[in-house]
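Take a walk through this fold with the coordinates open.

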Amino acid sequence: MTARAGEPFALDRAVSEVEALLAGPVPAAGTTRSEGEPVAGEWRVTAGEGFRFLPPRESDP
């Protein structure tokens, strides 16, 4: 379970997170790496040469 599980959907938060992703840095070179959420250990982001991929929205199972 990640930090977003169980939270209600908030459009303003989702828009803000997408805008931050679009404005943030994208690795120009390097290997693909994945990071986990430190408390739960779930996948949080994968980044590599020319891309960043993360879950901007999650829902309950």
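A salt bridge here is a side-chain nitrogen of Lys or Arg within 4 Å of a carboxyl oxygen of Asp or Glu. By that test, E35 forms a salt bridge with R44, with the closest N and O atoms 2.8 Å apart. E35 also meets the side chain of R33 in a salt bridge, at 2.5 Å from N to O. The search of the whole structure finds 2 salt bridges.

Some ground rules come next. The model is predicted: local features need pLDDT of at least 70, side-chain atom pairs count only at pLDDT 80 or more, and totals for chains, interfaces and linings use all residues. Residues are numbered from 1 along each chain as its sequence is written, and side-chain values use heavy atoms, with hydrogens and water left out.

How open to solvent are the charged residues? E35 is partly exposed at 30%. R33 is partly exposed at 39%. R44 is partly exposed, with a value of 39%.

Now the overall layout. Helices (H or I, at least four residues) and strands (E, at least two) are DSSP runs, numbered from the N terminus. The chain has 1 helix and 3 strands. From the N terminus on, they run α-β-β-β.

The strands form an open sheet in the order β1-β2-β3, with antiparallel pairing. Two strands pair if DSSP finds at least two bridges between them. Which strands stand at the edges of the sheet? They are β1 (33–36) and β3, each with a single partner strand, so one side of each is left without a neighbour in the sheet. Neighbouring strands are turned by 15 degrees against each other on average, direction ignored. That angle rests on axes, which are lines fitted to C-alpha atoms, for helices over the stretch in contact; angles run from 0 to 180 degrees between N-to-C directions.

Follow the pairing of β1 and β2. These strands pair in the antiparallel sense over 4 bridges. R33 stands opposite A47 in β2. S34 has T46 as its bridge partner in β2. For E35, the bridge partner in β2 is V45. In a regular strand the side chains alternate between the two faces of the sheet. β1 and β2 form a hairpin with 6 residues between them. In that turn, G41 has a positive phi of about 80 degrees.

The next pairing joins β2 and β3. Here the antiparallel pairing runs over 3 bridges. T46 stands opposite F53 in β3. This hairpin has 2 residues between its strands, and G50 in the turn has a positive phi of about 85 degrees.

Where is A29 found? A29 is in the loop between α1 (11–23) and β1. A29 counts as exposed, at 59% relative accessibility.

Back in the sheet, look at the aromatic rings. Rings of Phe, Tyr and Trp (its six-membered ring) pair if their centres lie within 6.5 Å; planes under 30 degrees apart count as stacked, over 60 as edge-to-face and the rest as tilted. The search of the whole structure finds 1 aromatic pair. W43 and F53 form this tilted pair, at 5.6 Å centre to centre and 35 degrees between the planes. W43 lies in strand β2 (residues 43–48) and F53 in strand β3 (residues 51–53), so the pair ties together parts that are 10 residues apart in sequence. W43 is partly exposed at 33%, while F53 is exposed at 52%.

Finally, the whole chain. Of its 61 residues, 11% count as buried. Contact means heavy atoms within 4.5 Å. Among contacts between residues at least 6 apart in sequence, 34% join residues at least 24 apart. The accessible surface comes to about 4,600 Å², of which 61% belongs to carbon and sulfur atoms. Those areas come from the Shrake-Rupley method with a 1.4 Å probe; for residues, only the protein chains shown count as cover.

Definitions and conventions:
Buried means under 20% relative accessible area, exposed over 50%, partly exposed in between (1.4 Å probe, protein chains only).
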